Amino acid sequence: MFRGNKLEFLLHLLGDALAVFLCFLAAFWVQFDSGWIADKFNPAKLFSEYTRVAIASTCGWILLFAITGLYRSWLLLSRTLQVLYVARAAVLGTLAILLGLFGFEFIGRVTTGSPLLGDYIYGSRFRWILLYGFAIFFLVATFRMGIALFLRALLRKGYGANKILILGATEAGEKIAKAFSRAPERGRKVVGFLDEHFSVMAHEFAGFPVLGKYSDLASIVKKYKISGIVISHDSSSLQEITRVLAWACDLPLHIYVIPGLYNVISGHYRTNLVHGFELQELFAFTMPPWQVQVKRLMDIIVAAILLLGTLPIMLFAAIAIKLDSKGPVFYSQERVGLYGKRFMVRKFRTMRTDAEKNGAQWATKNDPRITRVGRFLRKTRIDELPQLLSVLKGEMSMVGPRPERAVFIEKLREQIPFYIGRLKMKPGLTGWAQVRYHYDTSLEDVQKKLEYDMYYYENMSLLLDLQILFRTIYVVLTGKGAQ
């Protein structure tokens, strides 16, 4: 994503607000000063009387623009697509105004007993409302195209470009590197290449430095502040692509492939076309930015309510644990979160204190290490409630893949292709895998849950989160899916 996306967001916000305000000002002039609407003509009317209405109208349009996805980063996307999104928002806003005006008048007639048929006050102004909606579309789209031109001019001068690494000093990689160089306004700058033959080849390729091997990826990403990589490896086999991705999937990177390579994994993961280049993006994060913010707000509200509402349940659980077996009430363990960040997870203890005297291991279906109370807590998911504190701290979300232990991740990333892709999501208290499947007891279970986790990643939305939360309530109440 363009590093100046905060500037882009701010300019879009100010531009949209100005466009909407100017349209409201024009509507005020048409209604009271132009004389075009005879029954409303009143030159003595002061705009100051409508200041609050103007502010409310502007805020309403801005909210609609946010809901319809207009505050994503558009700079590197199709301008035509952005105009279509503006048109959609303008149509929806205009329809809302029409329904509101005619709806209020209809309700007024119902409550006063007036005839429902006949001319409505706003019927004669229908064309003016449509013209207002068109003006919103035209001004917002025009301002946004101007902002795009301004930001792309900054990119051409070298400001704010994303830094890109190309994996594979190949002919295809050279082609992409030169394409980026010829189009700086696309916001991507090639820093150099990585290649497995680094130790025996010249440390320059196609005019760009060769910085190391694939195994050096993590350190080079950190050193050069890389935001994306392009895989242009010679081999197009699934094994080779998987090996390359093993170095990249747990890094905060955009991962691009050349379409010829994309064919080997077609059907496994959703991809995004990179506008302006012959590239596809793997593991593309598709949740709109405004939904990301709402998701975080929802996390805080739901976690706070659940913490307060389940305090009596947690108190009884703590007492039951102490009465049932010796040891602490809580069990703390380090887990791996978003992009490999470590954090401590706290749960109600459901196993004996010597459960891992022989090392880390998965729980089995009828695991003898689980206590009597622990079996009930696991079945109802009450053991997970202390993790609500991690949700409030921002280490976890209410919905997402379950956080795993580092020792298991290191094993699983070698055995299951793309397992490390789970780290591109913030871990959750519950998830699609948890409401669709049972606890992990084998490698096969982990593979099955990964399918559910990646489905969630590809289809992440507020609606899916709500669906998962409601399914979780069903699991807690019935115990189904938690065996």
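Mentor: A polar contact is a pair of N or O atoms within 3.5 Å, where one must be able to donate a hydrogen and the other to accept it. Please keep in mind that the model under discussion is predicted.

Trainee: What makes the pairing of the side chains of Arg 402 and Glu 384 a polar contact?

Mentor: The side chains of Arg 402 and Glu 384 are joined at 2.9 Å. The limit is 3.5 Å, so this pair qualifies as a polar contact. Arg 402 also has a polar contact, at 3.0 Å, with the side chain of Gln 387.

Trainee: Where is Arg 402 found, and why is Arg 402 counted as buried?

Mentor: Arg 402 belongs to the loop that runs between strand S11 (397-399) and helix H13 (406-415). Its relative accessibility is 13%, and buried means under 20%, so Arg 402 is called buried. Apart from neighbours within four places in sequence, the residues in contact with Arg 402 include Met 396, Arg 422, Pro 427 and Gln 434.

Trainee: Why is the pair of Glu 395 and Lys 393 called a salt bridge?

Mentor: A salt bridge needs a side-chain nitrogen of Lys or Arg within 4 Å of a carboxyl oxygen of Asp or Glu. The N to O value for Glu 395 and Lys 393 is 3.6 Å, so the pair meets that limit. In accessibility, Lys 393 has 57% and counts as exposed, while Glu 395 has 23% and counts as partly exposed. Elsewhere, salt bridges with shared partners connect Lys 347, Asp 383, Glu 384 and Arg 402 in one network.

Trainee: How many salt bridges does a search of the whole structure find, and how do you know that Asp 16 and Arg 144 form one?

Mentor: The search finds twelve salt bridges. For Asp 16 and Arg 144 the N to O value is 2.8 Å, and the limit is 4 Å, so their side chains are a salt bridge. This pair links distant parts of the chain, since Asp 16 lies in helix H1 (residues 5-33) and Arg 144 in helix H4 (residues 126-156), 128 residues apart.

Trainee: Are Asp 16 and Arg 144 buried or exposed?

Mentor: Asp 16 has a relative accessibility of 0% and Arg 144 has 1%. Both values are under 20%, so each residue counts as buried.

Trainee: What makes Asp 324 and Arg 372 a salt bridge?

Mentor: Their side chains meet at 2.9 Å, N to O, which is within 4 Å. Asp 324 is in helix H10 and Arg 372 in helix H11, so the pair ties together parts 48 residues apart in sequence. Asp 324, at 18%, is buried, whereas Arg 372, at 69%, is over the 50% limit and therefore exposed.

Trainee: Which residues of H11 are buried, and what do they pack against?

Mentor: They are Val 373, Gly 374, Leu 377, Arg 378 and Thr 380. These buried residues pack against helix H10 (311-324), S10 and H16. Just after H11, Arg 381 has a positive phi of about 65°.

Trainee: Why is Thr 371 described as buried?

Mentor: Thr 371 has a relative accessible area of 9%, under the 20% cut-off, so the term applies. Thr 371 sits in the loop between strand S10 (342-348) and helix H11 (372-380). A polar atom of the Thr 371 side chain lies 2.9 Å from the backbone nitrogen of Gly 374. Asp 324 and Arg 349 are among the residues in contact with Thr 371.

Trainee: How do you know that S5 and strand S6 pair?

Mentor: Two strands pair if there are at least two bridges between them. Four bridges join S5 to strand S6 (residues 254-257), and the two run parallel, so they count as paired. In one of these bridges, Ile 231 has Val 257 of S6 as its partner. S5 also pairs in the parallel sense with strand S1 (residues 162-167), over four bridges, and there Leu 165 has Ile 229 as its bridge partner.

Trainee: Which way do the residues of strand S5 point?

Mentor: Gly 228 and Val 230 point one way, Ile 229 and Ile 231 the other, and all are buried.

Trainee: Why is Leu 466 called partly exposed?

Mentor: Leu 466 has 37% relative accessibility, between the 20% and 50% limits, so it is partly exposed.

Notes
Residues are numbered from 1 along each chain as its sequence is written. This is a predicted model: local features need pLDDT of at least 70, side-chain atom pairs count only at pLDDT 80 or more; totals for chains, interfaces and linings use all residues. Side-chain values use heavy atoms; hydrogens and water are left out. Buried means under 20% relative accessible area, exposed over 50%, partly exposed in between (1.4 Å probe, protein chains only). Contact means heavy atoms within 4.5 Å.
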